[in-house]
Amino acid sequence: MSNPFFQPPSGTDLPRYAGVPTFMRLPYLGPDDPRRAEVDVGFFGLPWDGATSNRPGARHGPRGLRDASTMIREMNRATGQTPFQAMNCADLGDVAMSPVDQDEALEAAQSFVAGVLAQDITPFMAGGDHLCTLTVLRALRAARGEAFGLVLLDSHTDLYPAYFGGKTLTHGNPFRQAILEDCIDPKRSVMIGMRGTSYNNSDFEFGWEHGVRIMPIEECFQIGWPQVMAVAREVVGDGPTYVSFDIDFLDPAFAPGTGTPEVGGPNSFEAVHCVRALRGLDIIGADLVEVSPPFDPSGNTAWLGASIMFELLCAMQSP
Ligand code: MN
Ligand code: MN
């Protein structure tokens, strides 16, 4: 049982709409708080969307997710887990990322994550656009000294070459860059849910050439989600694995509040099933990215994102 200090207040003691919102009502621990030494899983926000190619707004994601996540209760009744009792979890705050200077922003985020890893905290990042993930992957690679596996749930591979003829990184290429920088092991990487129109096939071809297992949505619906996740588990195996969840993995009927929605995706139950099927893997970090509150007037997308974050946290708990 974890330290009582780390238990979120129950909605039966303090109404869920009351109090200062943190991720899942967990205690906020600033950078110099000595209790960071006791933290197992640390949530933090990367409020940045400077690499978004179309509809912006994911910079508001961490705040939207914090607010929505105050509805999360203690128990996952489907799995019987009470993750806040099993692990000391905390909200480590947001990184101050420049909204106008990409290099500065990415450096600030990577340096923050390096500090989290130095304290032996498992990082759980809330984005922000998907390029934010590259900073976590870079910090993990530097701390571990070797590449690791990847499970990506997304409607896009994010393996595209640079846009606009230059070298600019965008939210369309974090995993291409992560492979080129040897952060992730492409042969232990699986990408699930790809669909939608495309510029061309260069992203799939890059992935295939490097050994990434890409599972387009047609294959997913053909073989069924339990089989999809069995394949995913086989690809990443027992080794250290990072899990990245782009909210546009879901059908826009369920998650309209995102920058690059694609039709024909899974529903919210199917998405939850996919995350639960990850339990038992050696998950060294996770993220939930691309929630864009300006395109989410109902708040449904943020609520779905917060719920997926809770399921991911449960999947991280040792069986
Ligand atoms: Mn993405
Ligand atoms: Mn996407």
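## Helix packing: α9 and α10

A crossing is left-handed if the near helix is turned anticlockwise from the far one by less than a right angle, and right-handed if clockwise. By this criterion the crossing of α9 and α10 is right-handed. The model is predicted: local features need pLDDT of at least 70, side-chain atom pairs count only at pLDDT 80 or more, and totals for chains, interfaces and linings use all residues. Residues are numbered from 1 along each chain as its sequence is written, and side-chain values use heavy atoms, with hydrogens and water left out.

Helices (H or I, at least four residues) and strands (E, at least two) are DSSP runs, numbered from the N terminus. Axes are lines fitted to C-alpha atoms, for helices over the stretch in contact, and angles run from 0 to 180 degrees between N-to-C directions. The axes of α9 (residues 268–276) and α10 (residues 300–316) come within 8 Å and cross at roughly 20 degrees. Helix α9 is therefore roughly parallel to α10 (angles under 35 degrees count as roughly parallel, over 145 as roughly antiparallel, 65 to 115 as roughly perpendicular and the rest as oblique).

Contact means heavy atoms within 4.5 Å. From α9, S268, A271, V272, V275 and R276 meet L304, I308, E311, L312 and A315 of α10. The residues of this contact comprise 7 nonpolar, 1 polar and 2 charged (Ala, Val, Leu, Ile, Met, Phe, Trp, Tyr, Cys and Pro count as nonpolar, Asp, Glu, Lys and Arg as charged, and the others, Gly among them, as polar).

## Helix packing: α3 and α4

Helix α3 (residues 102–118) packs against α4 at an angle of about 45 degrees, with the axes 8 Å apart. The two helices are therefore oblique to each other, and their crossing is right-handed.

On the α3 side, L106, A109, Q110, V113, A114 and L117 take part, meeting T135, V136, R138, A139, L140 and A143 in α4. By class, this contact has 9 nonpolar, 2 polar and 1 charged residues.

## Backbone features

The peptide bond from G127 to G128 is cis, with omega near 10 degrees. G128 is found in the loop between β3 (122–127) and α4 (132–144).

D158 is not a glycine, yet has a positive phi of about 55 degrees. D158 belongs to the loop between β4 (148–153) and α5 (174–180).

Conventions:
Chains are lettered from A and ligands numbered from 1 in the order in which they are written.
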